[in-house]
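Please read them with the structure open.

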Amino acid sequence: MATEQSVDLVDDETVGLFTKAVLLAALTAALAQISIPLPGPLVPFSLQPFGMFFAGLLLGPLWGGVALLLYLLVGIAGAPVFSNGNAGIGYVIAGQGSGGFLVGFLVGAVVAGAIAHRSVAPKPVAALSAPVQVVALTAAVVVVYAIGIPWMWFVTGLPLTRAAAVMAPYIPLDLLKLGIAVAVVQGGYLNGR
């Protein structure tokens, strides 16, 4: 007499983390639409960094990176998920010189997750202290600029120092976003979600 056995190819925890990664990719896409186009060589001001921040803090380095990778791949495939409804591989590579920042968000989420969780497996977000979150997200911001500014220099032909000067006004705004992200996490608004 044959018996039926079900085999789970993927465990529930992996399904849950993948689901959260998809939701954070969608959140990043939604936040990217809240952006202000700026003239000249300036990249749009947007709320995309919140997606990177929350992906790293909530999901750790692996699944936080997966969330931002999904976001990038969907945009590269042609869905208008980048700031101001932009999309496509051409926008990432050349665009307004902002492709390096998009790639930087992916690497930044991995770095933030690695620093915050100190392991591949994410800890509950309530277990992350505020100073650790600040250090993790500050490192993510540094990574974004370390990738984005040379990319902008290469694509736009601006001198490297000029590209850095163009981006300098964004740094205080990103630090403000960082503070808001930490406040949201410390306020318990993302616990258990």
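1. The model is a predicted one.

2. The search for aromatic pairs, run over the whole structure, gives seven. In one of them, phenylalanine 18 and tryptophan 63 have ring centres 6.4 Å apart and planes at 80 degrees; an angle over 60 degrees is what makes a pair edge-to-face, so this pair is classed that way. Phenylalanine 18 belongs to helix α1 and tryptophan 63 to helix α2 (residues 48-76), so the contact ties together parts that are 45 residues apart in sequence. Tryptophan 63 is buried because its relative accessible area is 16%, under the 20% cut-off. Phenylalanine 18, at 40% relative accessibility, counts as partly exposed.

3. Phe50, Phe53 and Phe54 deserve a look as a group: ring pairs link these residues into a cluster.

4. How many salt bridges does the structure hold? There is one salt bridge, formed by lysine 177 with aspartate 174, and the closest N and O atoms are 3.1 Å apart. Both residues lie in helix α7 (residues 170-186), with a spacing of three residues, or about one turn of the helix. Both lysine 177 and aspartate 174 are buried.

5. Helices α2 and α3 each supply at least two of its residues, and the largest share, three residues, comes from α2. Leucine 69 is located in helix α2. With a relative accessibility of 39%, leucine 69 counts as partly exposed, which is enough for patch membership because the cut-off there is over 30%.

6. A negative surface patch is made up of Asp8, Asp11, Asp12 and Glu13. Of these residues, aspartate 12 lies in helix α1, which covers residues 12-32. Aspartate 12 counts as exposed because its relative accessibility is 65%.

7. Asparagine 84 is not a glycine, yet has a positive phi of about 60 degrees. This asparagine is placed in the loop between α2 and α3, and at a relative accessible area of 34% asparagine 84 is partly exposed. Arginine 118, also a residue other than glycine, has a positive phi near 50 degrees. Arginine 118 is found in the loop between α4 (99-117) and α5 (130-156). Its relative accessible area is 60%, so arginine 118 is exposed.

Definitions and conventions:
Residues are numbered from 1 along each chain as its sequence is written. This is a predicted model: local features need pLDDT of at least 70, side-chain atom pairs count only at pLDDT 80 or more; totals for chains, interfaces and linings use all residues. Side-chain values use heavy atoms; hydrogens and water are left out. Patches are made of residues with over 30% relative accessible area and no salt bridge: like charges are joined within 9 Å, nonpolar side chains (Val, Leu, Ile, Met, Phe, Trp, Tyr) within 5 Å. Accessible areas come from the Shrake-Rupley method with a 1.4 Å probe; for residues, only the protein chains shown count as cover. A salt bridge is a side-chain nitrogen of Lys or Arg within 4 Å of a carboxyl oxygen of Asp or Glu. Lys and Arg count as positive and Asp and Glu as negative; His and the chain ends are not counted. The place of a charge is taken as NZ of Lys, CZ of Arg, CG of Asp or CD of Glu. Helices (H or I, at least four residues) and strands (E, at least two) are DSSP runs, numbered from the N terminus. Buried means under 20% relative accessible area, exposed over 50%, partly exposed in between (1.4 Å probe, protein chains only). Rings of Phe, Tyr and Trp (its six-membered ring) pair if their centres lie within 6.5 Å; planes under 30 degrees apart count as stacked, over 60 as edge-to-face and the rest as tilted.
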